Amino acid sequence: MDFLTLLQILDSTVRLATPLLLACLAGLFSERAGIFDIGLEGKMLAAAFMSGAVAYVSGNVWLGLLAGIGASMALSVIHGLASITFKGNQLISGVAINFLAAGLTVVIAQSWFAQGGRTPQLTGGARFNPVELPFAEAFRDIPIFGPIYAELISGHTIIVYIAALTVPLTWWILYRTRFGLRLRAVGENPAAVDTAGVSVVGLRYAAVGICGILCGIAGAYLATALQAGFVKDMSAGRGYIALAALIFAKWRPWYALYATLLFGFLQALALRPDLIERVLSFKVNGQLLDVLPYILTVIILAGFVGKAIPPRAGGEPYVKER
Amino acid sequence: MDVMPKWAEVVLVPLISLVLAAILSALVILAIGENPWDALMLMIDGALGSTYGWGYTLYYATNFIFTGLAVAIAFHARMFNIGGEGQAVLGGLGVALVCLYIPWPHWSLALVGATLGAALFGAAWAAIPAYLQAKRGSHIVITTIMFNFIAAALLNYLLIGALKADGMEPATPKFAESAHLPSFQDMFSFGETALFRGAPANISFFVAVLACVAVWALIWKTRLGYEIRAFGHSESAAKYAGISPTKIIMVAMMISGGLAGMMAINNVMGEAERLVLNAVEGAGFIGIAVALMGRSHPFGVFLAAILFGFLYQGGAELALWTSIPRELIVVIQALVILFTGALDQMVRGPLEKMFLAARRNKAEA
Amino acid sequence: MTAPAIELKGISKAFGPVQANKDISIRVMPGTIHGIIGENGAGKSTLMSILFGFYKADKGEIYISGNLTAIPDSQAAISAGIGMVFQHFKLVENFTVLENVVLGAEDSAMLKPSLARARKELKALAEEYGLNVEPDALIQDIGVGMQQRVEILKALYRKAEILILDEPTGVLTPAEADQLFRILERLKAEGKTIILITHKLREIMDATDTVSVMRRGEMTATVKTAETSPQELAELMVGRKVLLQVDKEVATPGANVLEVKDLRVVDDKGVERVKGISFNVAAGEILGIAGVAGNGQSELLEVLGGYENGTGTIIVNGTEIDLTGAHSDGQSRRDRGIAHVPEDRQREGLIMDYAAWENTAFGYHHDDKYQRSRLFMDNGAIQQDTVEKMERFDVRPPNPKLSAKNFSGGNQQKIVLAREIERNPDLLLVGQPTRGVDIGAIEFIHQQIVSLRDQGKAILLVSVELEEILSLADRVAVMFDGKIMGERLPSETNEQELGLLMAGITEMPDKPIIEAVEENLAHAGAGKEVH
């Protein structure tokens, strides 16, 4: 395998890891605050549809992004109501949200566009287009660095760069700000936060809200950057993979980046069975490549890569002790 | 003291949840420019207006009884089995292998063999996530979802490979005639009057009813059921009483997977009579709504399964005659899960206040 | 005349159908220590939680320094100068001491300046009140004594003038408790007002200026401590005369029923909890295990009960018990004649959502008398058995179909006790038999345990209540940091000696006692979890 092919694989790794990373960080905010969110999948899907639909109708991808975030936030509010206000079962709420998104996106898509549950193809300004970083062409001839810069680092959509910046930003918020301290505390021991005079409900809604925004961006990326429009069930389990990555990363931002890059790499490989055949010199079954990320998820959850301790108050609604 | 009488908890809460889900669904139908009342009438007519409609409603209900029981029994052990879909896929594989490779002399024997095969394959598919949960603490919700994806890929692989029949379609050959299960039409037609004509409901409906009774007895009358419920209520207490968590997780999940797998005698053996791609059609997921709606009680599951059978058949009629797509049923299913499983406190809270106030008034009077 | 620091007028609070506080009024003068005493479930903690804004009262008014003050949430209570140290500490385990103090009282959106200021202030407070803590230690790495000081510092850092302490000595050694009371005296001397909630009469007598007694959600009396007696307070608490002493004959021990040799237990995190202990319990005697919670007693009971793995030797009636193999579970222990009243009935002893009759078979659901056939249980027989047990143990209400959660603590404990005692075991393990139990039931439970002893059974009693151990046990062993520090006869020892053993001190140190205690606890306290 030559250097350029490797760069191509890594390039698709970055593209495919981006929605996983955003969803993973979304889950990180939510779970660090003690709210399990299995509904990342549904929020991404809803955002993908709304962003695709609005981008198509308006021709403006930024409006699409906003609409996508709006759709994801609406589902976040439902999850917040169920798991914070009404102290319900967070897992069941997440599952319900996934089905709600899976059903509503198709019903509405069919009603609006009548194309069998998809949006029309997006073109031009209705999509996020690659951004050429400065000097990409000028540097191209420098050995090693040039191609890496021009092929791998430059030429992604703006959302990829936003996602990359979200990692240090998340770290900074979590460990350097008052909000971060309280957020981490509420996921570990909400009673400590409550008796310290800080609203548990407010903090958790804030976390769920941030989760909604990030899932919204992730979903919009699927429909308006990675692909050109919405198709039914296009999130394809990414929300669940992001959760596995989150566990793999032990709920830490930088590790979330590495974990999602690993999953992105596996997905990138699945797109190039020809390459694997060339390197390994035997044919690998296509179905096997497709399920590789799911199998890796199971392996990670089985703890064969180290034991992960989740936030202590995770998944349990906060009820004041008597 | 419990604030609400038991009947309110068991009947009123799910009923109000259902009404809320129905109202929201009606709003969705309105939003896409159709008339909810007309839609409801069309559904009732299509699903319950003829023995043909009933034949479909009960056919779907059979699937949902199996998957609903599967989710319910796992709930009793406080396990959330979202893997019913994949376990039903594997159950289909079990049925196909039993029906394709064993020459059955009579359908009744074939039914027994297929039921065992389906249960075995479904149980095996549930056993892996169960083991990982029991021994490694892997979150069973996520692992069972992953196993759904893996099951789909596995089936895909087999149906374009080893099990594929001649022709273009990714499907197995048709099962032998001796493995044909009596349909309702075969059973309930007398002379000239053919009831349930062309509908897929078949004898496995009665197997499903038997399964309800068996699960009821298991949960409330046997030691195993006692232990499963004890574990579900309190793992620490179960350990104190000498109940092995590993055993309960494994057994409960394997019974759950086995039940989900058993739905294949209905959809694979009873209806399609061969194994095709996507034969489960989301029934594994509907089991979640059915179990929640039925409050994990076999009788509740039975009723909820009939209700969802009606919705499913009615939804198909809607898709046929109006612009409302079949996915509307997924929306309704999501709303039912949401209201009965996650927002139940929203429904219960005001009810409890009402009952409390009523009791105070009575006490003062 | 100065206004009271706190005045509550007509406070009422109901949780669903349960009336936790009924029309309670109370005045606490500034610069005093005011005790609130009452049995479990009398409503003390609820009342204080209302004062701290943790719950909203249904009715009533709160005056702080003479001003009517609304306290809708903890933030309002903190602003009004109220600080609270809960029975179960409200600390974030994987945060540092400093982070816990700052949480919720940060100066700005950025953390760094807040932490820097808090570090300085903490040092000043520590010096002023003798509240030594390590600012950069993680909570999970420090002992409970220091955790409690962190809670007090949290309140002082928020400029609390009124400090409420809820059962503060429950997790402390006697020496640590004495130190706490010295700190409280110092706070009082600085003009702070302190409310001390406890069920221990001795603490009220030693530490408070005035005391209020609560019973069944009502305030029954408020008196000057100097003008009352423990006997009078106990009667006010219970509403009738109480026996504070258990009547029992001298034990006549027989052969050894239980022999434990070099038992060790390592928990899931790899920490050794029980570090090679050996002891015997003979037929017809009660061996009491004293010690502060979290020193390995729970793990000892769990191993003996068959649901924790250990190494070493356990011999029951002359035959060794399998500690690791397939026969190490609760079922096989019960088959060997071991019954177990666990420390935490709500977490272990009962399924709270099961009816009383289902709980009666719990752990014995394999017994032949409860089976109808190989497959099915005989639910009717279990219910009949329950009715009889409820009558013999005076469980109220005697309704076998009621869920366990709907019984009071004392009646729940009676259900467990009836189940375990009536199986006629050779060895009874009892953990915290009267925790969260009202005085009437305590008497009954103590009598049952003594009468089982008199029938010639061996009893291993684990309790953190020294008084209980001293009045029930025929021999006392003290556990500290997973080891047995010594065995004593109740007649030949006293609370002070046992208190030192509980802190791991076997002989009189040449430095001040509290220093020796602190040193030992700091050494042993890391990573301790109290159930």
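## Stop one: a loop in chain B

Select B:Glu281, which sits in the loop between helix H12 (264-272) and helix H13 (283-293) of chain B; helices (H or I, at least four residues) and strands (E, at least two) are DSSP runs, numbered from the N terminus. B:Glu281 is not a glycine, yet its phi is positive, about 50°. It counts as partly exposed because its relative accessible area is 39%; buried means under 20%, exposed over 50%, and partly exposed in between (1.4 Å probe, protein chains only).

A word on ground rules: this is a predicted model, where local features need pLDDT of at least 70 and side-chain atom pairs count only at pLDDT 80 or more, while totals for chains, interfaces and linings use all residues. Residues are numbered from 1 along each chain as its sequence is written, chains are lettered from A and ligands numbered from 1 in the order in which they are written, and side-chain values use heavy atoms, with hydrogens and water left out.

Next, jump to B:Arg78, in the loop between helix H3 (51-76) and helix H4 (84-101) of chain B. Its phi is also positive, near 50°, and again the residue is not a glycine. Is B:Arg78 buried or exposed? It is exposed, because its relative accessible area is 59%.

Zoom out and select the whole chain. Chain B has 16 helices and 0 strands. Its C-alpha atoms fill a box of roughly 75 × 55 × 40 Å along the principal axes. The radius of gyration of chain B is 21 Å, which agrees with the value near 21 Å for a compact globule of 365 residues (taken over C-alpha atoms; the globule rule is 2.2 Å times the number of residues to the power 0.38).

Of the 365 residues in chain B, 60% are buried. Take its contacts (heavy atoms within 4.5 Å) between residues at least 6 apart in sequence: 77% of them join residues at least 24 apart.

For one residue inside, pick B:Gln313 in helix H14 (residues 298-321) of chain B. Its relative accessibility is 4%, so B:Gln313 counts as buried. Which residues is B:Gln313 in contact with, leaving aside its neighbours within four places in sequence? They are B:Gly46, B:Ala47, B:Gly53, B:Tyr56, B:Thr57 and B:Tyr60.

## Stop three: where the chains meet

Now show chain A next to chain B. The contact takes 39 residues from each of these two chains. Together they bury about 3,400 Å², with 83% of it on carbon and sulfur atoms; buried area is the accessible area (1.4 Å probe) that two parts lose on being put together, summed over both. On the chain B side, highlight B:Arg136, B:Ile142 and B:Met146: they lose the most area to chain A, together 16% of what that side buries.

## Last stops

In chain C, find the loop between helix H13 (379-392) and helix H14 (409-421), where C:Pro397 lies. A cis peptide bond joins C:Arg396 to C:Pro397, with omega about -5°.

Finish on another proline: A:Pro168, in helix H7 (residues 158-176) of chain A. Its relative accessibility is 31%, so A:Pro168 counts as partly exposed.
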